[in-house]
Amino acid sequence: MDFQRNDAMLMEILQNRKSITGFLDTIFGFLRRNTDFYHTKRDESDKIGFPKGMRDQILYGAMQRYDPDCLLQTMTAEDGATGDDGAVAPPAIEEVTIESEDLISTKDTILNENPQPQKTIDEQTFSASDYKNGAVFENHCWSQTLKDVELQVRLPKDLQAAKKLNILIKAQQIKVSSKLNTQIIILEGNLSQRIKHNEAVWTIDQNRLIISCDKSKELWWERLFEGDPEIDAKKIDCERYIDELPEDTQATIEKLRFQQLAADKAQSEIQSSNPEQNKTLDRLRSAWDAEGSPFKGQPFDPSIVRMS
C-alpha cells in the first residue's frame, strides 16, 4: 500500500529531526522552497499560489481528516471513503495544478515585473532552524538542545576548504582561522560553558563550517560565547526528542501507532461496505449549499463536520 511507502520515507525524516517540531519544520521548509504554498495571489490573473486565507483552510481540512473524533474523517466528497493513506481525500479548497513550464514562465514574469537582487551562496542568510534555542549573528549562529550545541560559521569565499583552515576546539574555546595567514581569524571566543571537546565533530557544507559538540552538563545555555547577549529563556523550546524518551514510553508510542493503523484499516473496510454511510454522505452533500447552511458557498468537505 502507498501509505506504507510514504510512512517509511516520513519516518526517516522524523528519526533524523528527532521531534515533531523538527519534522514539521522540514515539511514546511520543503513547501516554502519547492512549491507556491506560501505565495498569496495578488489578483485573479495570478496563476500561482492561493487567495488570502485559503492556505489556513487547507491545513485545517487536512488535520480534520485524521481527527479521531470526526466520524467522517476518512470519507471523501466523491468516492465515499478514502484509502488507508488518505491520498484520494479532497482538499479543503480547490487547488490549481499548473504544468511546470507554465509555472517557470509565470515566475519569470513575476521576477521581471519586480526585479530583486539574487542572493549568491555566500550571501544566503541563516534559517530559523539553524539557530533554534540559540542566537544568530552576522557571520555565525548557534543552536542547542539540552544535550548538545551546534555552531555554524559562514566562511570567506577563498577559505571554504578544510586544508585552508585551522580549527581549534577546546573544552571552553573555539577558534577558526586561516592556515595560510594566521592573522586572519574568522571566529574566536571563549565558550560560556564547557563542552566534550574530544568528541566534537565538524564538517564544511557549501560555504559554512558546522561544528557539533556535546555539552559537559545537561543544561540550557544563556549564550554561546562569553560577552554575547543573553538569549530569551522564555523562547526556548523544551520539547524532548523522541529517542530521548524512556524506553517504555517509546514502546507505548510504537504500540499506539500500530493500533491506530489497524483501526484506520478496519474503519475503511467498514465504511466501504456500509451503504448507510454512503446515504449519510449523499444527504450531507445535498444539504451543504442549502439556504441557511453555515457551509453555503464553501467547497464540499465532509471531514469538517462532526456528527454524534
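Author: A strand is here a DSSP run of E with at least two residues, and strands are numbered from the N terminus. The model is predicted. In those terms, Ser143 belongs to strand β2, which covers residues 140-144. Ser143 has 11% relative accessibility and therefore counts as buried, the limit for that class being under 20%. Apart from neighbours within four places in sequence, the contacts of Ser143 are with Asp130, Tyr131, Lys132, Gly134, Asp148, Val149 and Glu150.

Strand β2 is part of an open sheet of five strands in the order β1-β2-β3-β8-β7, paired in the antiparallel sense. At the edges stand β1 (135-136) and β7 (201-205); each has a single partner strand, so one side of each lacks a neighbour in the sheet. In general, the strands of a sheet pair through backbone hydrogen bonds, which may be parallel or antiparallel.

Within this sheet, β3 pairs with strand β8 (residues 208-214) over seven bridges, in the antiparallel sense. Arg154 lies in β3, which spans residues 148-154, and the bridge partner of Arg154 in β8 is Arg208.

Arg154 is buried but has no salt bridge. The nearest side chain of opposite charge is that of Glu138, 6.7 Å away, whereas a salt bridge calls for a nitrogen within 4 Å of a carboxyl oxygen. The side chain of Arg154 does, however, reach the backbone oxygen of Glu138, at 2.6 Å.

Arg208, by contrast, forms a salt bridge with Asp130, with the closest N and O atoms 3.0 Å apart. This pair links distant parts of the chain: Arg208 is in strand β8 and Asp130 is in the loop between α4 (100-113) and β1, 78 residues apart. Arg208 and Asp130 are both buried. Asp130 is also one of the residues in contact with Ser143.

How many salt bridges are there by this rule? The count is three. One of the others joins Arg17 and Asp25, whose closest N and O atoms are 3.7 Å apart. Arg17 is partly exposed, at 27% relative accessibility, and Asp25 is partly exposed as well, at 35%. Another joins Arg223 to Glu230, with closest N and O atoms 3.5 Å apart. Arg223 is partly exposed, with a relative accessible area of 23%, while Glu230 is exposed at 51%.

Elsewhere in the chain, Ile13 is found in helix α1 (residues 2-17). Ile13 counts as partly exposed, at 27% relative accessibility. Beyond its neighbours within four places in sequence, Ile13 is in contact with Phe23 and Thr26. Ile13 and Leu24 are 11 residues apart in sequence, with a C-alpha to C-alpha separation of 9.7 Å.

The structure also holds two aromatic pairs. Phe28 and Phe37 make a tilted pair, 6.4 Å centre to centre with 45° between the planes. The centres of the Phe37 and Tyr38 rings are 5.2 Å apart and their planes stand at 90°, so this pair is edge-to-face. Phe37 is buried, with a relative accessible area of 10%, whereas Phe28 is partly exposed at 26% and Tyr38 is partly exposed at 37%.

Notes. Residues numbered from 1 in each chain as written. Predicted model: local features only at pLDDT ≥ 70, side-chain atom pairs only at ≥ 80, totals over all residues. Heavy atoms only, no water. Helix = DSSP H or I, 4+ residues; strand = E, 2+ residues; numbered from the N terminus. Buried < 20%, exposed > 50% of the residue type's maximum accessible area, 1.4 Å probe, protein only. Contact = heavy atoms within 4.5 Å. Lys, Arg positive; Asp, Glu negative; His and termini not counted. Polar contact = N/O pair within 3.5 Å; in protein donor to acceptor, adjacent residues only side chain to side chain. Phe/Tyr/Trp six-rings, centres within 6.5 Å; stacked < 30°, edge-to-face > 60°. Pairing = 2+ DSSP bridges.
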